[in-house]
Amino acid sequence: MSLVLTGDLARAVRKEAVPAIKHWWGVGTSAVWKWRRALGVEDTEGNRLIRVEHQTPERVAAFVKAIAPSARSPVRRAKIAAAKRGKPRPAHVVEILRQANVGKRHTEASRAKMSASQKARAALGNLPPAAGVPWSA
């Protein structure tokens, strides 16, 4: 069920903060954002005032200080890596990475490692049939 956006409700959606609309009209956050999208509203004076009042530099600094250690924690990074492992990257990401690396040469250290790896595979006879002669630096 959805309310029709007319009169005072439309004015509130255009001007007021989300918590105020939720309280006075008895709706959820998603309804307010759907209405704003329908009306082409990006931000409101009410939301700006809430940010000015509550997002003081001290609060922002305290939040960043509190969240920073966990954002870089090895445990968190391991969980993210495990969740991504085995899943292909989206096509647009692959294309962005390809474009970023076109024309770049590997470092001498990387080339030496690749050469050693290819030689080791060749010594074990572990090359694909179409690989031909192993590359060497």
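This is a predicted model: local features need pLDDT of at least 70, side-chain atom pairs count only at pLDDT 80 or more; totals for chains, interfaces and linings use all residues.
Residues are numbered from 1 along each chain as its sequence is written, and side-chain values use heavy atoms, with hydrogens and water left out.

The secondary structure of the protein consists of eight helices and zero strands, where helices (H or I, at least four residues) and strands (E, at least two) are DSSP runs numbered from the N terminus. The radius of gyration, taken over C-alpha atoms, is 28 Å, well over the 14 Å that the globule rule gives for 137 residues, so the protein is more spread out than a compact globule. The globule rule is 2.2 Å times the number of residues to the power 0.38. Along the principal axes, the C-alpha trace spans about 80 × 35 × 30 Å.

Of the 137 residues, 12% are buried; buried denotes under 20% relative accessible area, exposed over 50%, and partly exposed in between (1.4 Å probe, protein chains only). V102 is located in the loop between α7 (91–101) and α8 (108–123). This residue, V102, counts as exposed because its relative accessibility is 53%. V102 and K79 are separated by 23 residues in sequence and by 31 Å in space, C-alpha to C-alpha.

Among contacts (heavy atoms within 4.5 Å) between residues at least 6 apart in sequence, 37% join residues at least 24 apart.
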